[in-house]
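Please keep the sequence and the 3D view open while reading.

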Amino acid sequence: MCNQHTNTTPTRVLSVAKAKAPFETTTIERRALRPDDVLIDIKFSGICHSDIHSAFDEWGGGMFPMVPGHEIAGVVEAVGSNVTKYAVGDHVGVGCFVDSCGECEYCLAGDEQYCTKGVVQTYNSLDYDGEQTYGGYSQKIVVKEGFVVRIPDALEMDVASPLLCAGITTYSPLKHWNVGPGKKVAIVGMGGLGHVAIQFAHAMGAEVTVLSRSTNKESEALSFGADHYFATSNEETFKELAGRFDVILNTVSANLDVDAYLSLLRIDGTLVNVGAPAEPDQYSVFSLIMGRRSIAGSLVGGIKETQEMLDFAAEHKIAPQIEVINASQVDEAYERVLKSDVRYRFVIDVATL
């Protein structure tokens with residue numbers, strides 16, 4: 001049954017007026033429902049480190065005022081006349097992008113995130129009609145049906161929201177590089193991405209090692225499914241683990257000693273980066289040549305794979321560890337993320353907005 005909204009929808013949001021400005025509550029207009037649109041009443045919105053990079057304009061190109069948020073979980077409030085996948089009341093999610101051309105080879109292959117026309121990001125982006133996009137720190141959002149995913153009943157919505165970025169950001173490369181039984185995988189970092197990556201790699205059947213600066217998260221890493229844990233502050237770690245791993249998934253957004261980590265790879269091993277430091281990395285090409293090793297990167301996943309990830313998480317009881325906050329605590333939460341003072345993901349309860 002269609003529930004049409006022919007008018008724009010005013011919605012309260014948390015926005016920043018300029019880079020590094022404090023958040024304030026303002027109002028924006030969401031577009032009137034098009035035939036293929038879904039209007040979502042947002043219940044929870046996760047805080048991703050990339051929200052902070054964007055709100056602080058650390059990557060450049062910031063569009064202000066900005067409403068961050070691309071880990072959106074909510075309930076369908078209305079649907080356009082052509083929508084068939086969702087009905088009012090369904091639990092749904094929206095991740096890092098809200099449109100793509102749908103025609104290029106990558107869109108047709110289900111890799112919309114690599115759209116050659118340029119994917120439309122959920123916030124801090126221009127839609128194809130030239131309108132600026134605003135994200136999930138918001139009461140409502142309007143999104144094309146094809147860019148909405150279903151949240152399985154087995155996943156609570158607050159827990160599901162970080163999966164829309166942290167989940168797919170780690171699931172997609174683990175799957176692409178064939179992580180599974182017989183493979184040795186190292187996860188660099190035990191933060192918002194890392195603690196989810198451990199759970200996915202374990203559920204996929206790999207032997208999982210965590211590489212973290214100190215030993216203070218060892219017991220938690222093992223509880224998430226890690227088989228081994230090593231502190232990278234210990235110089236002996238790199239000697240002990242030389243040539244061990246098939247895949248190293250780097251989840252941290254700080255620059256690493258790339259050569260040291262490449263030395264931990266087996267022949268034909270790959271260091272995959274999903275964390276995005278603001279400064280360029282440096283490495284010696286001999287670290288690659290001498291072991292036919294690769295450095296790679298990965299950017300979330302397509303819509304089909306995101307749905308697959310959510311279903312996999314529900315089946316294997318994979319859940320981000322979250323701290324739910326109210327809308328007035330977002331500035332404080334950003335400060336705490338920068339101090340690594342969160343275990344492991346902040347989620348905004350949008351009802352407090």
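Helix α5 is followed by glycine 205, whose phi is positive, near 100°. In this predicted model, α5 spans residues 194-203. The helix is mostly covered, with 8 of its 10 residues buried. The buried ones are Gly194, His195, Val196, Ala197, Ile198, Gln199, Phe200 and Ala201. What covers them? The cover includes α4 (166-176), β10, β11, α6 (218-224), β13 and α10.

Helix α5 packs on a sheet, where it touches β10, β11 and β13 (245-250). Its direction makes about 165° with that of β11. The sheet is open and has 6 strands, in the order β12-β11-β10-β13-β14-β15. Pairing in the sheet is parallel. On average, neighbouring strands are turned by 20° against each other, direction ignored.

Which strands stand at the edges? They are β12 (228-231) and β15 (294-297). Each has a single partner strand, so one side of each is left without a neighbour in the sheet.

Strand β10 (residues 184-188) runs parallel to β11 (residues 207-212), and 5 bridges join the two. Valine 185 stands opposite valine 208 in β11. Of the 5 residues of β10, 4 are buried, so the strand is largely enclosed by the rest of the structure.

**Nonpolar cores**

In soluble globular proteins, nonpolar side chains tend to be buried together. Here the largest nonpolar core has 95 residues. Those with the most contacts inside it are Ile47, Tyr137, Ile198, Phe200, Val330 and Tyr334.

Take isoleucine 47 and leave aside its neighbours within four places in sequence. The residue is then in contact with Glu71, Tyr137, Ile325, Val330, Ala333, Tyr334, Arg345, Phe346 and Ile348. Tyr137, Val330 and Tyr334 are on that contact list, and they are also listed with the most contacts inside the largest core.

**Backbone exceptions**

Most residues other than glycine have a negative phi, and most peptide bonds are trans. The table lists residues and bonds that depart from this pattern.

| Site | Value |
|---|---|
| Lysine 20 | phi about 70° |
| Aspartate 57 | phi near 55° |
| Phenylalanine 64 and proline 65, cis | omega about 0° |
| Arginine 343 and tyrosine 344, cis | omega about 0° |

Where do these residues sit? Lysine 20 is in the loop between β1 (9-15) and β2 (24-30). At 58% relative accessibility, lysine 20 counts as exposed; the cut-off is over 50%. Aspartate 57 lies in the loop between α1 and β4. Aspartate 57 is partly exposed, with a relative accessible area of 29%.

Proline 65 is placed in the loop between α1 (49-55) and β4 (72-79). Tyrosine 344 is placed in the loop between α11 (330-338) and β17 (345-349).

**A contrast between sequence and space**

Alanine 109 sits in the loop between α2 (105-108) and β7 (120-121). Is alanine 109 buried or exposed? Alanine 109 is exposed, with a relative accessible area of 57%. In sequence, alanine 109 and glycine 302 are 193 residues apart. In space, their C-alpha atoms are 8.9 Å apart.

**The whole chain**

The protein has 11 helices and 17 strands. Of its 353 residues, 55% are buried. Among contacts with a separation of 6 or more, 68% join residues 24 or more positions apart. The C-alpha trace spans about 65 × 40 × 35 Å along its principal axes. A compact globule with 353 residues would have a radius of gyration near 20 Å; the protein has 20 Å, which agrees.

An unreviewed UniProt entry carries the annotation "domain: Enoyl reductase (ER)" for residues 21-348. Over residues 21-348 the chain is 24% helix and 25% strand. The end C-alpha atoms of that stretch are 19 Å apart.

Definitions and conventions: Residues are numbered from 1 along each chain as its sequence is written. This is a predicted model: local features need pLDDT of at least 70, side-chain atom pairs count only at pLDDT 80 or more; totals for chains, interfaces and linings use all residues. Side-chain values use heavy atoms; hydrogens and water are left out. UniProt positions are given in the numbering used here, feature names are shortened, and annotations may be inferred rather than shown by experiment. A nonpolar core is a set of buried Ala, Val, Leu, Ile, Met, Phe, Trp, Tyr and Cys residues joined through side-chain atoms within 4.5 Å. Buried means under 20% relative accessible area, exposed over 50%, partly exposed in between (1.4 Å probe, protein chains only). Contact means heavy atoms within 4.5 Å. Two strands pair if DSSP finds at least two bridges between them. Axes are lines fitted to C-alpha atoms, for helices over the stretch in contact, and angles run from 0 to 180 degrees between N-to-C directions. The radius of gyration is taken over C-alpha atoms; the globule rule is 2.2 Å times the number of residues to the power 0.38.
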